[in-house]
Amino acid sequence: MLQIFVDAKYDFVGKRRWFYVASLSAVVVALLSIVVHRGLNYGIDFTGGTLMQVRYDKPVTVGQVRQGLDELKLGSAVIQQFGDAREYLIRLPESEQKTEETSSRIQAALARKAGGQVEIRRVEFVGPQVGRDLQFQALYAVLAGMVGILIYVAIRFDLRGGVISIVALAHDVIVTLGALSITNREMSLPVLAALLTIVGYSINDTIVVFDRIRESRGRGLRKGQSLADLVNGAINQTLSRTLLTSFTTFLAAFVLYLFGGEVLHDFAFALVIGVVTGTYSSVAAATLVMDWELSGKRRAPAGAKLAVKTEGAAAKKS
């Protein structure tokens, strides 16, 4: 395997409190942004509205399309070039008017402003009830994914590892949603797909690190080796693999963001943020394993003493 870091000995455990501060700060900022914006900026997939695909007989600009829509005063519309400069997707907020009536008015207004012919190729309407149902289904999908991962990791490793993995996943999802909120991007079905992808991607990196920790612990601590040394060693041994995988994924998502077109911008943006936070949380989660175990060991002596006293009492009775 290609190694970027040969015999790396970075002290991640020693810097773990900085990880905790950075993670907590990012989560707080993300939640504050969502609260200040009064929730996420849901697209028509979740709030209801109309999606139209139109094609002109000649190339036009987004500004010309916008002028035609502004003439009808239908509210804020999202216009996205779809393919070449003759075809566009138009997303309109929910309207009380009938879809057929709105479509004919839009077609006439767009044709007038462009000075040509306009063909309406597709019209989709999402009602408010369907939008609300999709919001709940999206939440259930993310929660179901996390519960499934918790069960798998708890069986594959232990309950402690499962809980830590879910904390790391929740951190990644919240930070990504916060980035969407700060940049005022839409929460749509493609973005939901990106969030589910992030959940799967992040847990993959985390499991690789956890597996190495388990292998190292199975061989036992060497003379003079502490638990912190073991965790540091596991992270450093998987560091090249983690960064190589993350960099290639990040590069693909970033190229998609730059050249994928307006339709894929929000999807690619969520992936870019998710890959970065997922890579970071995989390392931070591993350091949390040590703190959790150390806290358990601090409580162990009292239990051990109680067990000794109980055994002694039982021996005297016999």
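View A. Val78 stands opposite Arg91 of strand 4. The model shown is predicted. Strand 3 covers residues 78-81 and is joined to strand 4 by four bridges. These two strands run antiparallel.

**View B. The hairpin of strand 3 and strand 4.** Five residues lie between the two strands of this hairpin. Gly83 takes a positive phi there, near 90 degrees.

**View C. Strand 4 against strand 2.** Strand 2 spans residues 49-56. Seven bridges pair it with strand 4 in the antiparallel sense. Strand 4 itself, residues 87-93, is mostly covered. Six of its seven residues are buried.

**View D. Helix 1 along its length.** Helix 1 runs through residues 16-36, 21 residues in total. From first C-alpha to last, helix 1 reaches 30 Å. That is close to the 30 Å expected at 1.5 Å a residue. Just after helix 1 comes Arg38, with a positive phi of about 55 degrees.

View E. Buried in helix 1 are Arg16, Phe19, Ser23, Val27, Ala30, Ser33 and Ile34. Seen down the helix axis, these buried residues fall within an arc of 125 degrees, so they line one face of helix 1. The other side carries exposed residues: Arg17, Trp18, Leu24, Leu32, Val35 and Val36.

Conventions: Residues are numbered from 1 along each chain as its sequence is written. This is a predicted model: local features need pLDDT of at least 70, side-chain atom pairs count only at pLDDT 80 or more; totals for chains, interfaces and linings use all residues. Side-chain values use heavy atoms; hydrogens and water are left out. The expected span of a helix is 1.5 Å times one less than its number of residues. Buried means under 20% relative accessible area, exposed over 50%, partly exposed in between (1.4 Å probe, protein chains only). The arc is that of the directions from the helix axis to the C-beta atoms. Two strands pair if DSSP finds at least two bridges between them.
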